Amino acid sequence: MTTLGVIGGTGWLGGALLRPALAKGFVAAADLILSSRSGNTAGFEAWPDIRFTTDNRSLAAQSDIVILSVRPKDLDALDLDLSGKLVISVMARVPAEALLARFNSERIIRAMPNACAEQGLSFTPWLSTPGATDNDAAFADSFFACSGKTTRLSTESELDYFTALTGSGPALIAAFADVMIRDAIENGVAPDVAVAGASETPADTVKIFTDYGGTTAAGLTAMLSAGIAAPISKGLAAAKEKAAKG
Ligand SMILES: NC(=O)c1ccc[n+]([C@@H]2O[C@H](COP(=O)([O-])OP(=O)(O)OC[C@H]3O[C@@H](n4cnc5c(N)ncnc54)[C@H](OP(=O)(O)O)[C@@H]3O)[C@@H](O)[C@H]2O)c1
């Protein structure tokens, strides 16, 4: 039996990755330990055999594989020796070398899922350090395949680019859609028609990621301050003019 411990496992991404893996039977509830600081267990009611803890050392001692799913700013609080264990990080901005030094494990896998994991639509690139075994790589690939497509990379530079492209990309497209909706409203379209009746709008998505303050927020801020509204409105106006003239 392989025990999987997920530090920060009841957080947003932890849940979005684990629920599909549990639903598909790739991970058995009895083999799973999730930690948080708050003791939160919400989102896992369907799997009463999962163990929850606020003690990361206990989680680490019981686990063969440890997934790190805390925000980068919370990493410094983790003082753990994970030698001999496979360590999988989904954290942005923390290189494999830093994980290796901090947790004393040669078997490191870094992966970058995205916000579509819960729907099984993530695109998850990942890479491994030389100390990770073929079995480690196979486990990681199969785990992330439960929530979408995967691809193996060989460099952290590629992973950083995918963090921007497929990690932040959906929010950048939401910002584009938000500009189109605002343009529609300015041109007399009723707001509920402009958002097609959606309860969560592209503007909500932009706000969520901007407030989060991570890599996506950096991308959104740069894109919006470069002034994307004018060219999009210009494009819509040109298409409308052509439509009106026939
Ligand atoms: N969200 C995304 O779309 C996305 C995509 C790709 C990668 N990521 C990466 O995934 C990681 C998690 O992101 P998230 O969106 O899931 O954030 P999140 O919802 O804030 O989840 C992080 C979890 O970590 C827990 N935590 C913090 N410190 C802890 C500690 N010392 N011990 C145990 N648990 C601890 C928090 O719970 P308590 O407050 O109760 O402790 C929280 O539930 C980040 O590093 C991020 O870069 C996120």
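Student: Where does N114 lie, in a strand or in a loop?
Tutor: N114 lies in the loop between β6 (108-111) and β7 (122-128). Helices (H or I, at least four residues) and strands (E, at least two) are DSSP runs, numbered from the N terminus. The model is predicted, so local features need pLDDT of at least 70 and side-chain atom pairs pLDDT 80 or more, while totals for chains, interfaces and linings use all residues. Residues are numbered from 1 along each chain as its sequence is written, and side-chain values use heavy atoms, with hydrogens and water left out.

Student: OK, is N114 buried or exposed?
Tutor: N114 counts as buried, at 8% relative accessibility. Buried is under 20% relative accessible area, exposed is over 50%, and partly exposed is in between (1.4 Å probe, protein chains only).

Student: And what does N114 touch?
Tutor: Leaving out residues up to four places away in sequence, N114 touches L13, L121, S122, F123, T166 and G167. Contact here means heavy atoms within 4.5 Å.

Student: Switching to rings: how many aromatic pairs are there in the whole structure?
Tutor: A search finds six. In one of them, F26 and F139 have ring centres 5.4 Å apart and planes at 40 degrees, so that pair is tilted. Rings of Phe, Tyr and Trp (its six-membered ring) pair if their centres lie within 6.5 Å; planes under 30 degrees apart are stacked, over 60 edge-to-face, and the rest tilted.

Student: Where do F26 and F139 lie?
Tutor: F26 is in the loop between α1 (12-23) and β2 (32-35), and F139 is in helix α4 (residues 134-145), so the pair ties together parts 113 residues apart in sequence. F26 is partly exposed at 32%, whereas F139 is buried at 18%. Ring pairs also link F26, F139, F143 and F144 into a cluster.

Student: Which ring does the charged end of R71 sit over?
Tutor: The ring of Y212, 4.0 Å from its centre. The rule is NZ of Lys or CZ of Arg within 6 Å of the ring centre and within 35 degrees of the ring normal.

Student: Which residues lie nearest the centre of the largest pocket?
Tutor: L13, S69, V70, R71 and Y212, out of 44 lining residues. A pocket is an open set of points on a 1 Å grid over the protein atoms alone where a 1.4 Å probe fits, with protein on both sides within 12 Å along at least five of seven lines; lining residues have an atom within 4 Å of a point.

Student: Which helix gives the most to that lining?
Tutor: α7, with four residues.
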